[in-house]
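Please look first at the sequence and the structure shown here, and then read the report below, which moves from a single residue to the contacts around it.

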Amino acid sequence: MILIHCPYCDEKRPEIEFANAGQAHIARPIDPSGESDADWETYLFIRANPRGRHHERWRHVHGCGRFFNAVRDTVTDKFETTYKAGEPRR
Amino acid sequence: MSEALIRYEPVPETPCVAAGVTISLAGPMQRFALRARRAEDLETVLKVRLPRHIGASEAGIACLGPDEWYLRAEAGATVPTDSGLPVAITDVSERSICLVIEGPRAAEILMSGCPLDLDNFAVGRATRTIYETVEVIIIREAEDRFHVELWRSFGAWFWIAITNAASH
């Protein structure tokens, strides 16, 4: 089982306590009704899906309950780092 | 009024006694889910000190998350709720039951379904985690005694899983 470092609990916890919540650092547009259809589509559906280094949101759902960001390699499934929500991209 | 109702528990009231471990149902107690951005606000309302470190517990209050605490007190206890401060205090007494896992094999039995390393889980620590598929709050009361808080509706399944583990 993978151990994931929760930046809020500040310890490594078993993977089973966590839930993936998709790509990180996607900001909701300030004025959604002012968006063009294409921009809105990009915001809603278009994701990076890289092979390799990927920024993701995770939630320590069966622990402290917090969302945080993680950098994970999608090939090796290794977590490079995790950091609190709101902190700059790493 | 509620005293007149018959209490129904989802697990047997007779403890499960196995080699090195006893699993029993704790009596009814008052439970409160406490939420606040600032711990100081809750401290002002409750007039107690809150543990600030996630996973710590102090005087019946466990810190579960950065803005979440869990208070357990004796049945009938009340807390002030009309403070005007931005805090949420919710009585969740009947949401959970508490099972007491006691004996030299207590940690071993819990680790049969919980991925945490409970051998290195200090006395006084409390955390939300998973046992098999059930979300639980584990509180280490003493070296050989754990309290496991779980939702009432998961009680029957949890009882089967843990008593099975205990009898192996």
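In this predicted model, B:Ile130 touches A:Ile16, A:Glu17, A:His62, B:Cys114, B:Glu135 and B:Val136, where residues up to four places away in sequence are not counted. B:Ile130 has its place in strand β9 of chain B, and its C-alpha atom is separated by 25 Å from that of B:Thr14, a residue 116 positions away along the chain. Is B:Ile130 buried, partly exposed or exposed? B:Ile130 is partly exposed, because 19 other C-beta atoms lie within 10 Å, whereas a buried residue would need 20 or more.

The domain assignment of chain B gives two parts, domain 1 (2-28 + 94-167) and domain 2 (29-91), and the centres of these domains, taken over C-alpha atoms, are separated by 22 Å. To the contact between them, domain 1 of chain B brings 12 residues and domain 2 of chain B brings nine residues. On the side of domain 1 of chain B that touches domain 2 of chain B, at least two residues each come from β8 (96-102), β9 (126-131) and β10 (134-142) of chain B, and β9(B) gives the most, with three residues.

Chains A and B also meet, in a contact that takes 11 residues from chain A and 13 residues from chain B. The table sets out the classes of residue on two of the sides described.

| Side | Nonpolar | Polar | Charged |
|---|---|---|---|
| Domain 1 of chain B, touching domain 2 of chain B | six residues | four residues | two residues |
| Chain A, touching chain B | six residues | three residues | two residues |

Technical notes:
Residues numbered from 1 in each chain as written. Chains lettered and ligands numbered in written order. Predicted model: local features only at pLDDT ≥ 70, side-chain atom pairs only at ≥ 80, totals over all residues. Domains from an automatic or database assignment. Contact = placed C-beta atoms within 7 Å. Helix = DSSP H or I, 4+ residues; strand = E, 2+ residues; numbered from the N terminus. Nonpolar A, V, L, I, M, F, W, Y, C, P; charged D, E, K, R; others polar. Buried ≥ 20, exposed ≤ 12 C-beta atoms within 10 Å, placed from the backbone.
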